[in-house]
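Here's a quick tour for anyone opening this one for the first time. Have a look around, then come back for the highlights.

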Amino acid sequence: MPNLSFLSKMTMFGFLLSTLPVIFIGAFAFMTSSNEIQKNVNEGKMQLITQINSNVEQKLTTVNHTLNQVINSTVLKKAMDMPLTVNDFMMYDDLRSEIRYMQSFDTKLEDVILINARENWMIKNSGLYRFDGYPFYDKLLNLMNTQENSTWILNPSKWFFTEENARSVTCDYSISLVKKLPTTGLEKYGFAMANIPACSLQDLIQSDTKHLEDILIMDEHNQILMHPDASLIGKPIAEAGLKDLSHITAPTGQFTADINDKRYSVSYLHSNLNNWTYLSLTSIDSLTTESRKIGVYTIYICILMLLLSMLLAWLGSRKMYSPIQLLLNQIGGLVTVNQKRKANEFQMISEHVHTLFQSKSQLEREVHQHIGQVRTFFLIKAFQGHIKTSELPDKLAQFGYTKHMDEWKTMSVITLQIDSIDNTRYEKRDMELLLFAAHNMIEELIPSDQRLAPVIIDQTVVTLIGSPDSEAAAFRNKVYALTEQMQQHIFSYLNLHVSIGMSLPIHAFSQMSIAYKEGLEALKHRIKLGEGIIIQYENINSGKHFLNLNYPKPLENELMDAIKVAEKDKSKELLRQLLQAVFAAPLSPQEYQIPLARLLNNLLMVMQESGISLNQIHPNKGSLFEELLNLHMTAEIEDWFWTEVIHPLIRIYRDRQDAQYHNISEKIIDLVQKYYDTDLTLEDCASRLHYNANYLSSIFRKETNCSFSDYLSAYRFNMAKKWLSETDMPIKDISSKLRYNNSQNFIRSFRKQEGITPGQYRDKQKEGAAL
């Protein structure tokens, strides 16, 4: 091992210097005030109660969705108009099935109650009752006086379990979701109620944290919904020691308060879902104690790090020179040991790095050539109209044309073709080389700030010439002079006749494709005019741009979908936009008939595919196409499409929807329950039910207030929990049956939902069953 070189000595010194920040970090940590630690703890508490709020609201939202399904079910709607008695066993059994389905979700539901005050019946877990004979008839009837049709209320649990101690009350209070019935109509004569024991809130969020002793939840009336001391549930928050709530004004925040003669830091979060407030209490005395402990521990750690750094500095100084020596030997900088000792390693490395930079410059030149090829490919696509208008400015800027876009006011595309190589010294195999030569001559003749890079497209050299001059005549003369110069230059050097086509002046880069077509169209007139000419497109098309028919197909698709779901206002607006797009094109009156007839034909095809006869929208009248061709005003045409075709179709679809919506949603739910363990998609359901997938998505969301994918995920998740609780099926098999790509994805998804892994959940359920 050679003696330490200059570089290795500097390395050791650097290691020693690196230990200084460790000392400063330790000193800073030791001097950190309890206020800073309190701030960090408060931020952590805020994140914790935000997570708890999110998970609780997710459970409550599940209860809300499932209760919505119950109250919107056909069975309940029918039962609300019947005076149920013991003889209506089938109807009662159907209602109990709806309730049992709702309680199958892991939402801690204790009971689901259905009450019809008008028909005087009440259904709950324990059976069917006469409502006016129930002991707490007045209390329950009073719940109908709430202002909202759907609300969360804290009620005594004894209101729901009074039948001769048939079951014991697990909690003194229940959190009830009350929804007035019927859901439609102004008169409310009943309600549905889903009850969750208030003391089970801790079970709902126990997966969020191991320490819940400082987490409280209170409702909008400042009643305690969750507290470590279950005896305080249902009582005012003041009885828990928190008497001053004047600080709770914002949606979230922190403040300090005296609770039971101790100073606490209180973090709170107000929920917009049900106006609950989530509170986290932290003792300031404990924070001060913790800050001292942290300071002491940090000092110990810093001392240890300091010792380790010194050891690493010593080892590093011995080892650092080995790779440097190996590097120098590899680049051939040193030969003998004496030379190594005398040489300046940095100078040696600098010389070879300089060589590397030279290689880098050469590599950059090669990369630049490839960039030119990519730019050529982009310009070919732009001239052919294959680049989206929204992407064009960014692409041009990417290839260095920002200045061109900022300065150019007028532009024109020129297209150059070699007329013929017959009777010349060239052969057909030379055509590519000749075009390349013409391409290079254009680059030399026209400065780069006046053109885009020329490209070769189908035996044609194409480029875009631009100018800050907005005067059309001056620009036209300038371009014509350039084309004459190009023609003469090519003939002088190559002894070849070329023809050049000039497009009309354009004022936006988005018109490049139109101008390119005009240039090609101009060259076609060589058939009459001969070779070696310069043809301006304005001389062959009366000064009008190349006709560009772009039928607004995306707007038409949106219009058809809006008609099918009977969205009247949206359909009318889309019709207006579609006709505006059609009439925006500069066409003759006869040419406008083509897109209008296409629109009418497509509307009639949609009508026929839906099983709607022409007589239903146009009874005992003549041909729709003849009527359309007899119209001459834009407003008249728009009104005719609306009144004669589209609005009648919307009325028919709306009449169908009222009868089909509920039935379709039930069919989709049935498919989910049958095929949840397959790769079921909304498109599969649409294929089985013979509907459009977008149409089914809209219907299902309206009926269930959730998307198809969310419903399918929730159902699969509940099946997974059922299999984990009731079977010994391996987790790998469960993930496979529920269509996960691998078991790790299933485990991550399950942990995100429940806060624990599937294996931990299974063990927990087994422990509960054993108790």
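Which residues of helix α24 (residues 682-689) are buried? They are Leu-682, Cys-685, Ala-686 and Leu-689. These residues sit on the same side of α24, because they cover an arc of only 100 degrees around the axis. Keep in mind that what you're looking at is a predicted model.

**Helix α24, the rest of the story**

- Cys-685 is buried, with a relative accessible area of 0%.

**Helix α19**

- Helix α19 covers residues 568-584, so to speak a run of 17 residues, and its buried residues are Ser-571, Leu-574, Leu-575, Leu-578, Leu-579 and Val-582.
- Why do these residues end up on the same side of α19? They cover an arc of only 130 degrees around the axis.
- Over on the other side of α19, Asp-569 and Ala-584 are exposed.
- From its first C-alpha to its last, α19 reaches 24 Å, close to the 24 Å expected at 1.5 Å a residue.

**An open sheet**

- Five strands make up an open sheet, and reading across you get the order β8-β7-β11-β10-β9, with antiparallel pairing.
- The edges belong to β8 (224-226) and β9 (252-259), each of which pairs on one side only.
- From one strand to the next, the twist averages 35 degrees.

- How many residues of strand β11 (residues 277-283) are buried? The count is 7 of its 7 residues, so this strand is mostly covered, given that buried means under 20% relative accessible area.
- In a regular strand the side chains alternate between the two faces of the sheet.
- In β11, Thr-277, Leu-279, Leu-281 and Ser-283 point one way, Tyr-278, Ser-280 and Thr-282 point the other way, and all are buried.
- Strand β7 (residues 215-218) pairs with β11 in the antiparallel sense over 4 bridges, and Met-218 stands opposite Thr-277 in β11.
- Strand β10 (residues 262-270) also pairs with β11 in the antiparallel sense, over 7 bridges.
- Two spots to look for in that pairing: Val-266 has Leu-281 as its bridge partner in β11, and Ser-267 stands opposite Ser-280 in β11.
- β10 and β11 form a hairpin with 6 residues between them, and Asn-275 in the turn has a positive phi of about 65 degrees.

**Ser-157 in its loop**

- Where is Ser-157? Look in the loop between β4 (150-156) and β5 (173-181).
- Ser-157 is in a loop, yet this residue is buried, with a relative accessible area of 1%.
- The side chain of Ser-157 makes a polar contact of 2.8 Å with the side chain of Ser-174.

**Cysteines**

- How many disulfides turn up in a search of the whole structure? The search finds 0.
- Buried or exposed, or in between: where does Cys-199 fall? Cys-199 is partly exposed, with a relative accessible area of 27%.
- Cys-685, back in α24, is buried, with a relative accessible area of 0%.

Methods
Residues numbered from 1 in each chain as written. Predicted model: local features only at pLDDT ≥ 70, side-chain atom pairs only at ≥ 80, totals over all residues. Heavy atoms only, no water. Buried < 20%, exposed > 50% of the residue type's maximum accessible area, 1.4 Å probe, protein only. Arc of directions from axis to C-beta. Expected span 1.5 Å × (residues − 1). Polar contact = N/O pair within 3.5 Å; in protein donor to acceptor, adjacent residues only side chain to side chain. Pairing = 2+ DSSP bridges. Disulfide = S-S within 2.5 Å. Axes fitted to C-alpha atoms, helices over the stretch in contact; angles between N-to-C directions.
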